[in-house]
Amino acid sequence: MTFKITKKAYLIASIALGLGVNTTAFANDKIPVVASFSILGDLVSEVGGSHIDITTLVKANGDAHVYSPTPKDALAIRKAKLLIVNGLNFEGWMPRILESAHFQGTTIVASDGINVITLGDDEHEDHADHDEKHHEDADHDEKHEDHADHDEMHHEDADHDEKHEDHADHDEMHHEDTDHDEKHEEHASEHHHDGVDPHAWNSIINVKTYVKNIASGLSQVDPENANDYQQNAQGYLQKLDKLEIKLHAKLDTIPLSQRKLITPHDAFAYFARDFKIEFIAPQGTSTESEASASDMAAIIKQIRKDKVGAVFMENIADNRIIEQISQETDAKIGGELFSGSLSDKQGPASTYLKMIEYNVNTIVSALTK
Ligand SMILES: [Zn+2]
């Protein structure tokens with residue numbers, strides 16, 4: 001009897017050990033994690049630290065809008081305990097590769113809980129959505145501030161003349177120019193984004209949510225190290241707070257009326273919302289699309305009319321459009337912005353923190369010339 005129980009226990013232990021080797025990590029093993037693209041990869045590395053072994057699918061300077069996964073990617077996905085994606089229909093190629101790789105792990109959507117920008121002009125919906133979150137989640141101070149800021153911008157506030165002007169200016173930019181509005185609608189139907197703008201990482205406010213989601217995803221698959229993940233996240237959130245203050249101070253030197261610029265594809269709506277800048281983009285929200293001749297003509301007309309200060313290249317877009325616009329309007333090319341991908345290690349935007357700062361510095365120096 002005693003012998004039998006021992007034998008049975010031994011058998012169970014062997015099975016557990018056998019499974020353990022294949023699917024769970026022991027104390028010294030790193031947790032296999034996959035991030036969909038370079039910006040997420042950097043954030044996940046910051047939070048995961050030495051506990052994880054990360055594979056980033058779309059590498060530095062790669063364009064996640066038009067990516068084709070490789071057999072190597074499938075292998076990494078098959079082994080992963082945790083997959084972290086942006087969401088908001090950004091990784092259209094992901095469902096297929098997950099299926100073919102027979103992914104069994106946990107998926108975390110980094111953008112869950114952010115205040116989403118919908119394509120087309122829908123500030124009211126956006127605002128309502130925000131309200132909901134505001135009540136649900138009393139702990140997130142930055143959301144409160146953001147909300148208050150929003151309110152100021154959208155309702156009349158006689159005490160704040162400057163803000164009021166800002167509001168009027170903003171409205172003018174979005175409603176007066178019918179060409180521009182039409183273009184927005186076109187874009188909304190043209191692309192396979194189901195009406196949401198995926199480029200949420202271009203807002204530091206949103207990235208704070210990304211970091212919290214990443215920390216909770218890692219804690220979920222590796223509860224033993226949950227404290228470390230939370231600590232790493234807290235440390236990184238502090239860096240984000242500092243950077244946010246620093247960058248706002250830099251942009252505050254530029255009058256609101258001068259904060260207009262052109263990029264090839266429409267990747268900066270969240271950035272624009274945080275920093276009160278207007279971006280105009282011939283390509284729409286995906287690099288997949290091509291700018292039509294009428295789009296180009298409308299933009300050139302608008303640049304001349306609005307005296308847009310600078311046009312910018314991107315590391316992942318069709319920069320010929322920008323060269324053409326610059327030639328036809330005398331608008332200066334203000335440099336290169338990193339919209340949806342980090343630079344390689346030698347480049348100026350090899351981490352998320354460097355990327356956002358580099359973009360702001362590039363914009364500020366172009367608009368102050
Ligand atoms: Zn994009």
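Predicted model: local features only at pLDDT ≥ 70, side-chain atom pairs only at ≥ 80, totals over all residues.
**Ground rules.** I number residues from 1 along each chain as its sequence is written. Local features need pLDDT of at least 70 and side-chain atom pairs 80 or more, totals for chains, interfaces and linings use all residues, and side-chain values use heavy atoms, without hydrogens and water.

I looked up the donors (N, O and S atoms within 2.8 Å of the metal, 3.2 Å for Na, K and Ca; water is not among the atoms, so sites may look incomplete). The zinc ion is held by NE2 of His65, His199 and His265, at 1.9 Å. His65 sits in the loop between β2 (52–58) and α3 (71–79) and His199 in the loop between α8 (178–190) and α9 (204–221), so this pair ties together parts 134 residues apart in sequence. Helices (H or I, at least four residues) and strands (E, at least two) are DSSP runs, numbered from the N terminus. Both His65 and His199 are buried (under 20% relative accessible area; exposed is over 50%, partly exposed in between; 1.4 Å probe, protein chains only).

**Helix α2.** I find nine of the eleven residues of α2 (38–48) buried, so the helix is largely enclosed by the rest of the structure. Gly49 follows α2 with a positive phi, near 55°.

**Strand β7.** Which residues of β7 are buried on each side? I get Ala310, Phe312 and Glu314 on one side, Val311 and Met313 on the other. β7 pairs (at least two DSSP bridges) in the parallel sense with β5 (260–262) over two bridges and with β8 (332–337) over four.
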